[in-house]
Amino acid sequence: MKVKLVVNRFVPLLCSALVLAGCSQGAVTVVEQGVLLQKVEVTGELVSADTISMMPPAIRRVWQYQVKQLAPEGKAVAKGEVVARLDTSELSQRLSVSEASLAATEQDIETSKLRNAKRMEELRLDLAEAKMNFEKAERKFKLSDETVALIEKEKYQRDTEIAKDRVVLIEQKIALESQGAEQRQAMLLGDKQKFSAEVSALKTGIASMTLKAPRAGMVVYGNDPQGNKIKEGQSVFAGDSVLSIPDLSHMQVNMTIPEVEAKRVQLGQVINIRLDANPERVFKGKIVELGAVFRNKNQDVPLVVFDAVASIDEPDSELMRPGMAAKISIDIAQGEAATLLATEAVHFDAGQAYVFRPSLFGARKQVITLADIGSERVSISQGLSVGDEVLLP
């Protein structure tokens, strides 16, 4: 009986010790079934989804422009405010030449009119005189009778014909002079129209070299072909963006994704965005566009990438600015359910994965086989079942 009593007292004490030993092993996690989440880490740049780019105006015979003045980058401007001025010296010289040509042509038109009027007046006087001479010669011929010698009568007849021919000749001269005057006037009027159009186009071109904000917003400088910001004194070409006015309330992020991740990145996937300028804040977004063309990242790095665009759910217009660098984490979920365990519970020895499982006699090492590794959990193909407990470090 005493032995039994001793045994009965010993058993509860042993159980209590084992429980205390088990409790002292630390926190545990449970193997679950679910979808493994993975992450693809890429870099990106903030851009506005609604940006108005301001380029040099299209001007005939001008391909290169020099930036004379730029509003400070980041400045808030009102609609119609001057944000840039381009050099107009070449256009001003061309305008002076065209205006001089226009003035000379207008003077030629007036001079030609006076000259034509004077010439026509002279011809009309000649015509009147020729008609008078014709009438005299014709009257003398008609009044000649038998008393006039035949030779004289023939002379009167020839004088009449000559006078008539002179009338016809002067009338022809008047017609030709009138036609020539009209042609000269048409030619000069054509020149005037051409020079007037040049002057008007050059004046419009000079005015358009002053770039004004098409809407209220913030000034963001454009980039040259080398990727550097446009600056005052720099030359740009037709089609280059001198600056832009973005809408800061509609921001998005442009990303470059390695080719090896092409099959895993899809439209609609959720992303986490951390700005290099403020890495503590995390913004949510979603992939809305995937590029169809693969390209080399740049000339120095032969990494093949493709472009993607993601929206930002709640952009901060006070913080976010176009051109800001960002780090993006893309959440990728495997399609099938798997046996999942917290990543921190897995240990490795010479490449072999194992875990520690709690037992009555302390932690027990359990070798496992991993199927895949996610951002926070791993999927297990062998060694553990759903519901198993595993010790955390």
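A polar contact is a pair of N or O atoms within 3.5 Å; within protein, one must be able to donate a hydrogen and the other to accept it, and residues adjacent in sequence count only if both atoms are side-chain atoms. The views below show a predicted model, in which local features need pLDDT of at least 70 and side-chain atom pairs count only at pLDDT 80 or more, while totals for chains, interfaces and linings use all residues. Numbering runs from 1 along each chain as its sequence is written, and side-chain values use heavy atoms, with hydrogens and water left out.

View 1. Domain 1 (41-48 + 245-335) and domain 2 (55-244) are set by the domain assignment of the protein chain, an automatic or database one. Their C-alpha centres lie 58 Å apart. Here six residues of domain 1 are in contact (heavy atoms within 4.5 Å) with 10 residues of domain 2. One residue pair, both at pLDDT 80 or more, is in polar contact between the two domains.

**View 2. The area buried between the domains.** About 640 Å² is buried between domain 1 and domain 2, with carbon and sulfur atoms giving 70%; this is the accessible area (1.4 Å probe) that two parts lose on being put together, summed over both. In domain 1, Ile245, Pro246 and Pro322 lose the most area to domain 2, together 80% of what that side buries.

**View 3. A closer look at Asp316.** Not counting residues up to four places away in sequence, Asp316 touches Arg281 and Phe283. With Arg281, the Asp316 side chain makes a side-chain polar contact of 2.7 Å.
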